Amino acid sequence: MKKDKLFAEQVFEGELENEVIRNNMTIDYYYGHSSILEKFTEINLEFKPHLNYLFKQTKEDIYKLVQNAKSCSALIVTLMLTGKCNADCGICYTDRKSKNNELKLHEIKSVIDQAYELGVRTLYIPGEGEPTLDNSFWDILDYVKDKRMKIIVFTNGLLFSNDDESHRYWGISCEEAVKRLKKYPIYIYFKLWSLKPDLISTMMGINSAKYNYTNYYNWNIPYGLKLMLETLSLDKIGIEVIIEKRNLEEVVQNIIPFVQKSGVKSYMEPLIHSGRCFNQYDFDPIINNEQRLLLESWLQRSRCKRVGYMISIHNSGYLSVCMAISPKKISKEGLLSTLNLRSNGNIINELFEMLHLNEEIVKGRYKINSCICEDFNTSKKMFLSELV
Ligand SMILES: C[S@@+](CC[C@H](N)C(=O)[O-])C[C@H]1O[C@@H](n2cnc3c(N)ncnc32)[C@H](O)[C@@H]1O
Ligand code: SF4
């Protein structure tokens, strides 16, 4: 990860990351996953001493260690909100459909509460669709604020750019909505794939007029982004860019200079070949050496250690290993029900146990050397359990 480009709220000191990974090793050892841990430490030698230490403990000692490790066993919870979306991006890694079993506010609150007990102070909402369309959006902000946590949200920004739409959904103008954001501990990655309205229309399958492009120090940017730049503190604004064939040149020529001049954070990422992009390589960019050299310092997601300390929950109420891996793809052994946070209707299950009982979730936690989302989706395997 290029940590200097990201919000500080999602960046953790290396020693803290390792401590949480060691805590998870302790818990997973207690739950009987020692063979997974042995494989993990064969590749990641720095964790071997901890496993050797666990081997030497009595059952009673391990139990005591688990009680201590539990409250520092996760740093961030990735929660997908509604699948509904008001855009139609051809490369989207989700199916952008709303489901009838999407998490409700009281269930989301329970997830947040349980994650908090495990050490999480940052709620990360990449979105399965457009999170600002979720009926619970503002209530979640209230809840997170009350708990003194931080929230990071990815948005296409349309609702903050178009007064008709913001009135329709929220009954307020874009300006009022952005002002309202100011009172929350929210950090926003605003989609900025291009500064060219025509290209945005093509890439996002929308009428780009919805963004009300406007001038900001000679940059042509969506109205909502301009409002944020004028209203929110700079350390809470970022842009998100997927680099693909159609916007590669523009990212190099315009988007990176915009980030440098404006001082916003940036999440620049390569394509994940999942969802609509599954088995679809037509949009992959051909990057020349000069571009590669520049992009190397901007692109996120190589050696993604986050799985080691992250909890990932999809909008259907199922646990997963990471955001672009559907819970249905975890295992063919009929274990899907063991990933369901709900039982008997709407009761939320004990998250801690679920995180450490399911073998595939446990295996996924130790894939800290690459991007498991991309690895799995390009592996041609039907199930994550088939990925060695
Ligand atoms: C699914 S979107 C949901 C949030 C919001 N609708 C948006 O687009 O910003 C979450 C993030 O994943 C990114 N994304 C979508 N499809 C992707 C793909 N195939 N590869 C990598 N990132 C992708 C989006 O650009 C966005 O930053
Ligand atoms: S990337 Fe975001 S805005 Fe685009 S279709 Fe997917 S969910 Fe919607």
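Visitor: In which sense do strand E2 (residues 122–125) and E3 pair?
Guide: This is a predicted model: local features need pLDDT of at least 70, side-chain atom pairs count only at pLDDT 80 or more, and totals for chains, interfaces and linings use all residues. Residues are numbered from 1 along each chain as its sequence is written; chains are lettered from A and ligands numbered from 1 in the order in which they are written. Helices (H or I, at least four residues) and strands (E, at least two) are DSSP runs, numbered from the N terminus, and two strands pair if DSSP finds at least two bridges between them. E2 and E3 have four bridges, and their sense is parallel.

Visitor: What handedness has the β-α-β unit of E2, helix H6 (residues 137–146) and E3?
Guide: A crossover is right-handed if, with the strands pointing away from the viewer, the path from the first strand over the helix to the second runs clockwise. The unit of E2, H6 and E3 is right-handed.

Visitor: Why is E3 largely enclosed by the rest of the structure?
Guide: Buried means 20 or more other C-beta atoms within 10 Å of the residue's own; exposed means 12 or fewer, and partly exposed lies in between, with C-beta atoms placed from the backbone. E3 is largely enclosed because its buried residues number five of six.

Visitor: Is Arg148 buried or exposed?
Guide: Arg148 sits in the loop between H6 and E3. Its phi is positive, about 60°, although it is not a glycine. With 9 other C-beta atoms within 10 Å, Arg148 is exposed.

Visitor: Which elements give two or more residues to the shell around ligand 1?
Guide: A residue is near a molecule if its C-beta atom, placed from the backbone, lies within 6 Å of it. 19 residues surround ligand 1, and the closest are Tyr93, Gly127, Phe154, Glu240 and Ile272. The elements giving two or more are strand E3 (150–155) and E7.

Visitor: How many charged residues are in the shell around ligand 2?
Guide: Among the residues around ligand 2 are Cys85, Cys89, Cys92, Asp88, Arg96 and Glu130. Ala, Val, Leu, Ile, Met, Phe, Trp, Tyr, Cys and Pro count as nonpolar, Asp, Glu, Lys and Arg as charged, and the others, Gly among them, as polar. Five are nonpolar and four polar; the charged number three.
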